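Thank you all for making time this morning. I would like to walk you through some side-chain contacts, so please have the picture in view while I talk.

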Amino acid sequence: MTTPSGCPFGGAMPETGETAPTAYDPAADGAEMSFDGRMSYGDYLRIDRILTSQHLLTGAHDEMLFIIQHQTSELWMRLAIHELDAARRAIAAGRAPEAFKMLARIARIFEQLNSAWDVLRTMTPSDYTTFREGLGQSSGFQSWQYRLIEYAVGNRNLAMLRPHAHRPDLTAKLESELARPSLYDEALRHLARSGLPVPQDVLDRNLRAPWVESDAVREVWAMVYRDPTRHWQAYELAEKLVDFEDYFRRWRFNHVTTVERVIGFKRGTGGTSGVQYLRRMLDVQLFPELWSLRTAL
(Lines give C-alpha, C1' and ligand atoms only; values in the text may rest on other atoms or scores of the structure.)
Protein backbone atom coordinates (compact mmCIF):
# COMPACT_ATOMS: atom_id res chain seq x y z
CA MET A 1 0.00 0.00 0.00
CA THR A 2 1.23 3.45 -0.89
CA THR A 3 0.14 6.59 0.95
CA PRO A 4 -0.71 9.87 -0.84
CA SER A 5 2.81 11.04 -0.03
CA GLY A 6 4.06 8.34 -2.39
CA CYS A 7 5.98 6.42 0.27
CA PRO A 8 4.88 3.10 1.78
CA PHE A 9 3.82 3.24 5.47
CA GLY A 10 3.54 7.01 5.49
CA GLY A 11 7.23 7.91 5.27
CA ALA A 12 8.26 11.03 3.41
CA MET A 13 10.00 10.65 0.06
CA PRO A 14 13.14 12.69 -0.56
CA GLU A 15 12.49 15.92 -2.44
CA THR A 16 13.38 15.99 -6.10
CA GLY A 17 17.12 16.45 -6.58
CA GLU A 18 18.11 15.00 -3.19
CA THR A 19 20.38 11.94 -3.15
CA ALA A 20 20.26 9.20 -0.54
CA PRO A 21 23.32 9.12 1.76
CA THR A 22 26.02 6.74 0.61
CA ALA A 23 27.14 4.03 3.07
CA TYR A 24 30.70 4.46 4.29
CA ASP A 25 33.17 2.16 2.56
CA PRO A 26 36.33 1.59 4.69
CA ALA A 27 38.20 0.57 1.52
CA ALA A 28 38.15 4.22 0.51
CA ASP A 29 40.48 4.91 3.47
CA GLY A 30 42.77 2.01 2.64
CA ALA A 31 41.15 -0.76 4.71
CA GLU A 32 41.93 -4.28 3.50
CA MET A 33 38.69 -5.90 2.33
CA SER A 34 39.83 -8.98 0.40
CA PHE A 35 41.33 -11.97 2.22
CA ASP A 36 41.38 -14.72 -0.36
CA GLY A 37 44.65 -16.53 0.38
CA ARG A 38 45.61 -13.95 3.02
CA MET A 39 45.51 -14.00 6.83
CA SER A 40 42.45 -12.40 8.37
CA TYR A 41 41.56 -11.59 11.99
CA GLY A 42 39.71 -14.88 12.36
CA ASP A 43 42.59 -16.82 10.84
CA TYR A 44 45.16 -15.30 13.20
CA LEU A 45 43.07 -15.96 16.33
CA ARG A 46 41.75 -19.33 15.12
CA ILE A 47 38.27 -18.14 15.98
CA ASP A 48 36.62 -21.13 14.27
CA ARG A 49 38.38 -23.51 16.64
CA ILE A 50 37.40 -21.49 19.68
CA LEU A 51 33.76 -21.10 18.70
CA THR A 52 33.34 -24.78 17.86
CA SER A 53 34.74 -25.97 21.21
CA GLN A 54 31.47 -25.69 23.12
CA HIS A 55 29.97 -29.19 23.03
CA LEU A 56 26.76 -29.35 25.04
CA LEU A 57 26.14 -32.82 26.44
CA THR A 58 22.62 -32.23 27.75
CA GLY A 59 21.11 -29.54 25.54
CA ALA A 60 20.16 -27.51 28.63
CA HIS A 61 20.09 -23.77 27.96
CA ASP A 62 22.50 -22.80 30.78
CA GLU A 63 25.07 -25.43 29.89
CA MET A 64 26.45 -23.01 27.29
CA LEU A 65 27.00 -20.39 30.00
CA PHE A 66 28.71 -22.95 32.23
CA ILE A 67 31.07 -24.14 29.50
CA ILE A 68 32.04 -20.66 28.27
CA GLN A 69 32.58 -19.40 31.83
CA HIS A 70 35.11 -22.15 32.48
CA GLN A 71 36.75 -22.11 29.05
CA THR A 72 37.40 -18.37 29.22
CA SER A 73 38.71 -18.76 32.77
CA GLU A 74 41.21 -21.31 31.46
CA LEU A 75 42.30 -18.84 28.77
CA TRP A 76 42.94 -16.14 31.38
CA MET A 77 44.84 -18.68 33.49
CA ARG A 78 46.92 -19.52 30.42
CA LEU A 79 47.97 -15.86 30.30
CA ALA A 80 48.61 -15.76 34.06
CA ILE A 81 50.98 -18.74 33.74
CA HIS A 82 52.76 -17.00 30.85
CA GLU A 83 53.25 -13.86 32.97
CA LEU A 84 54.26 -15.79 36.11
CA ASP A 85 56.94 -17.65 34.20
CA ALA A 86 58.37 -14.43 32.79
CA ALA A 87 58.19 -12.63 36.15
CA ARG A 88 60.16 -15.34 37.92
CA ARG A 89 62.82 -15.40 35.22
CA ALA A 90 63.17 -11.62 35.45
CA ILE A 91 63.53 -11.65 39.24
CA ALA A 92 66.06 -14.49 39.10
CA ALA A 93 68.10 -12.56 36.52
CA GLY A 94 68.24 -9.45 38.71
CA ARG A 95 65.63 -7.55 36.70
CA ALA A 96 63.01 -7.19 39.42
CA PRO A 97 61.55 -3.89 38.11
CA GLU A 98 60.80 -5.65 34.81
CA ALA A 99 58.78 -8.23 36.75
CA PHE A 100 56.66 -5.58 38.48
CA LYS A 101 54.62 -4.90 35.36
CA MET A 102 54.03 -8.63 34.87
CA LEU A 103 52.92 -9.06 38.49
CA ALA A 104 50.56 -6.10 38.15
CA ARG A 105 49.11 -7.70 35.02
CA ILE A 106 48.57 -11.02 36.84
CA ALA A 107 46.62 -9.20 39.55
CA ARG A 108 44.41 -7.62 36.89
CA ILE A 109 43.89 -11.01 35.25
CA PHE A 110 42.41 -12.22 38.53
CA GLU A 111 40.31 -9.08 38.68
CA GLN A 112 38.93 -10.13 35.30
CA LEU A 113 38.33 -13.66 36.58
CA ASN A 114 36.48 -12.17 39.54
CA SER A 115 34.11 -10.32 37.24
CA ALA A 116 33.26 -13.56 35.46
CA TRP A 117 31.60 -14.92 38.61
CA ASP A 118 28.98 -12.18 38.26
CA VAL A 119 27.85 -13.71 34.98
CA LEU A 120 27.75 -17.26 36.37
CA ARG A 121 25.68 -16.07 39.34
CA THR A 122 22.80 -15.42 36.95
CA MET A 123 22.39 -19.19 36.82
CA THR A 124 19.88 -20.35 39.43
CA PRO A 125 19.84 -23.70 41.28
CA SER A 126 16.99 -24.78 39.02
CA ASP A 127 19.03 -23.92 35.93
CA TYR A 128 22.04 -25.91 37.14
CA THR A 129 20.05 -29.05 37.91
CA THR A 130 19.04 -29.27 34.25
CA PHE A 131 22.58 -30.31 33.25
CA ARG A 132 24.57 -31.08 36.43
CA GLU A 133 24.39 -34.85 35.96
CA GLY A 134 25.96 -34.42 32.52
CA LEU A 135 29.19 -33.20 34.15
CA GLY A 136 29.97 -36.67 35.46
CA GLN A 137 32.96 -36.51 37.83
CA SER A 138 34.46 -33.39 36.27
CA SER A 139 35.13 -30.50 38.64
CA GLY A 140 37.04 -27.24 38.66
CA PHE A 141 39.51 -28.45 41.28
CA GLN A 142 40.85 -30.80 38.57
CA SER A 143 42.07 -27.83 36.48
CA TRP A 144 45.75 -28.49 35.86
CA GLN A 145 46.35 -24.85 34.94
CA TYR A 146 44.92 -23.68 38.26
CA ARG A 147 47.16 -26.20 40.02
CA LEU A 148 50.15 -24.97 38.03
CA ILE A 149 49.42 -21.40 39.16
CA GLU A 150 49.24 -22.47 42.81
CA TYR A 151 52.49 -24.42 42.48
CA ALA A 152 54.14 -21.49 40.70
CA VAL A 153 53.32 -18.99 43.43
CA GLY A 154 54.24 -21.34 46.27
CA ASN A 155 51.22 -23.38 47.41
CA ARG A 156 52.72 -26.80 46.75
CA ASN A 157 50.27 -29.46 47.87
CA LEU A 158 51.63 -32.75 46.50
CA ALA A 159 48.29 -34.50 47.07
CA MET A 160 46.91 -32.48 44.17
CA LEU A 161 49.13 -34.32 41.71
CA ARG A 162 46.85 -37.35 41.92
CA PRO A 163 43.90 -36.02 39.87
CA HIS A 164 46.32 -35.77 36.92
CA ALA A 165 47.98 -39.19 37.26
CA HIS A 166 46.02 -40.48 34.23
CA ARG A 167 47.78 -37.88 32.07
CA PRO A 168 51.58 -38.38 32.09
CA ASP A 169 52.02 -35.18 30.06
CA LEU A 170 50.21 -33.10 32.69
CA THR A 171 51.98 -34.82 35.56
CA ALA A 172 55.28 -33.98 33.88
CA LYS A 173 54.32 -30.29 33.64
CA LEU A 174 53.40 -30.17 37.31
CA GLU A 175 56.51 -32.09 38.39
CA SER A 176 58.65 -29.71 36.36
CA GLU A 177 57.06 -26.81 38.19
CA LEU A 178 57.73 -28.42 41.58
CA ALA A 179 61.44 -28.62 40.68
CA ARG A 180 61.60 -24.84 40.15
CA PRO A 181 61.79 -22.12 42.79
CA SER A 182 58.33 -20.64 43.26
CA LEU A 183 57.59 -16.96 42.82
CA TYR A 184 57.93 -16.52 46.59
CA ASP A 185 61.23 -18.43 46.63
CA GLU A 186 62.57 -16.14 43.90
CA ALA A 187 61.40 -13.08 45.82
CA LEU A 188 63.29 -14.22 48.94
CA ARG A 189 66.40 -15.00 46.91
CA HIS A 190 66.17 -11.48 45.52
CA LEU A 191 66.09 -10.09 49.07
CA ALA A 192 69.17 -12.15 49.97
CA ARG A 193 71.08 -10.84 46.93
CA SER A 194 70.11 -7.34 48.03
CA GLY A 195 71.90 -7.87 51.33
CA LEU A 196 68.92 -8.64 53.52
CA PRO A 197 69.41 -11.45 56.11
CA VAL A 198 67.23 -14.20 54.65
CA PRO A 199 68.18 -17.40 56.56
CA GLN A 200 70.25 -19.86 54.54
CA ASP A 201 67.99 -22.77 55.45
CA VAL A 202 65.12 -20.89 53.80
CA LEU A 203 67.16 -20.36 50.64
CA ASP A 204 68.17 -24.04 50.58
CA ARG A 205 64.76 -25.47 51.47
CA ASN A 206 63.14 -28.43 49.70
CA LEU A 207 61.31 -26.75 46.83
CA ARG A 208 58.68 -29.49 46.64
CA ALA A 209 57.64 -29.00 50.24
CA PRO A 210 54.71 -26.72 51.16
CA TRP A 211 55.78 -23.34 52.49
CA VAL A 212 55.90 -23.08 56.29
CA GLU A 213 55.50 -19.62 57.78
CA SER A 214 58.80 -18.33 59.18
CA ASP A 215 59.31 -15.77 61.93
CA ALA A 216 62.75 -15.00 60.49
CA VAL A 217 61.31 -14.31 57.03
CA ARG A 218 58.62 -12.11 58.54
CA GLU A 219 61.32 -10.09 60.31
CA VAL A 220 63.20 -9.62 57.01
CA TRP A 221 60.07 -8.27 55.34
CA ALA A 222 59.44 -6.10 58.42
CA MET A 223 62.89 -4.55 57.94
CA VAL A 224 61.82 -3.61 54.41
CA TYR A 225 58.57 -2.04 55.60
CA ARG A 226 60.22 -0.13 58.45
CA ASP A 227 62.56 1.60 56.01
CA PRO A 228 60.97 1.47 52.53
CA THR A 229 63.17 4.27 51.15
CA ARG A 230 66.32 2.27 51.85
CA HIS A 231 64.81 -0.97 50.49
CA TRP A 232 62.56 0.51 47.83
CA GLN A 233 62.84 -2.27 45.25
CA ALA A 234 62.13 -4.97 47.84
CA TYR A 235 59.27 -2.85 49.20
CA GLU A 236 57.75 -2.50 45.73
CA LEU A 237 58.13 -6.24 45.13
CA ALA A 238 56.36 -6.97 48.42
CA GLU A 239 53.42 -4.77 47.52
CA LYS A 240 53.12 -6.39 44.09
CA LEU A 241 52.94 -9.80 45.78
CA VAL A 242 50.32 -8.59 48.23
CA ASP A 243 48.32 -7.01 45.42
CA PHE A 244 48.29 -10.29 43.50
CA GLU A 245 47.29 -12.34 46.54
CA ASP A 246 44.55 -9.83 47.37
CA TYR A 247 42.88 -10.41 43.99
CA PHE A 248 43.58 -14.15 44.19
CA ARG A 249 41.85 -14.42 47.57
CA ARG A 250 38.89 -12.41 46.30
CA TRP A 251 38.62 -14.87 43.41
CA ARG A 252 38.54 -17.77 45.87
CA PHE A 253 35.93 -16.00 48.01
CA ASN A 254 33.70 -15.28 45.00
CA HIS A 255 34.05 -18.91 43.99
CA VAL A 256 32.74 -19.98 47.40
CA THR A 257 29.76 -17.64 47.38
CA THR A 258 28.85 -18.54 43.79
CA VAL A 259 28.91 -22.27 44.52
CA GLU A 260 26.86 -21.80 47.69
CA ARG A 261 24.35 -19.69 45.79
CA VAL A 262 23.92 -22.33 43.08
CA ILE A 263 24.21 -25.70 44.88
CA GLY A 264 24.10 -24.85 48.59
CA PHE A 265 26.03 -27.42 50.62
CA LYS A 266 25.77 -30.36 48.22
CA ARG A 267 28.94 -32.31 47.50
CA GLY A 268 30.85 -31.21 44.41
CA THR A 269 30.67 -33.20 41.18
CA GLY A 270 34.30 -34.21 41.70
CA GLY A 271 33.52 -35.67 45.13
CA THR A 272 34.78 -32.78 47.28
CA SER A 273 32.70 -31.42 50.14
CA GLY A 274 31.78 -28.49 47.91
CA VAL A 275 31.43 -25.23 49.82
CA GLN A 276 33.23 -26.65 52.87
CA TYR A 277 36.24 -27.58 50.70
CA LEU A 278 36.32 -24.13 49.10
CA ARG A 279 36.04 -22.40 52.47
CA ARG A 280 39.02 -24.36 53.68
CA MET A 281 41.01 -23.03 50.75
CA LEU A 282 40.24 -19.47 51.90
CA ASP A 283 42.53 -20.02 54.88
CA VAL A 284 45.53 -20.86 52.68
CA GLN A 285 47.89 -17.89 52.41
CA LEU A 286 50.45 -17.71 49.63
CA PHE A 287 52.77 -15.16 51.25
CA PRO A 288 51.85 -15.40 54.95
CA GLU A 289 54.70 -13.28 56.30
CA LEU A 290 53.64 -10.32 54.17
CA TRP A 291 50.24 -10.40 55.86
CA SER A 292 51.25 -11.15 59.44
CA LEU A 293 53.94 -8.44 59.54
CA ARG A 294 51.19 -5.83 59.25
CA THR A 295 50.02 -6.62 62.77
CA ALA A 296 53.55 -6.32 64.17
CA LEU A 297 54.51 -3.03 62.51
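This is a predicted model: local features need pLDDT of at least 70, side-chain atom pairs count only at pLDDT 80 or more; totals for chains, interfaces and linings use all residues.

The charged end of Arg 249 sits over the ring of Trp 291, at 4.5 Å from the ring centre, and the charged end of Arg 294 also sits over that ring, 5.9 Å from its centre; a charge sits over a ring if NZ of Lys or CZ of Arg is within 6 Å of the ring centre and within 35 degrees of the ring normal. Residues are numbered from 1 along each chain as its sequence is written, and side-chain values use heavy atoms, with hydrogens and water left out.

Now to the aromatic pairs, of which a search of the whole structure finds 16, where rings of Phe, Tyr and Trp (its six-membered ring) pair if their centres lie within 6.5 Å, and planes under 30 degrees apart count as stacked, over 60 as edge-to-face and the rest as tilted. Phe 244 and Phe 248 form a tilted pair, 5.6 Å centre to centre with 35° between the planes. The rings of Phe 248 and Trp 251 have centres 6.4 Å apart and planes at 25°, so this pair is stacked. Phe 244 and Phe 248 are both buried, as is Trp 251, where buried means under 20% relative accessible area, exposed over 50% and partly exposed in between (1.4 Å probe, protein chains only). Ring pairs link these residues into a cluster whose members include Phe 110, Tyr 146 and Phe 287.
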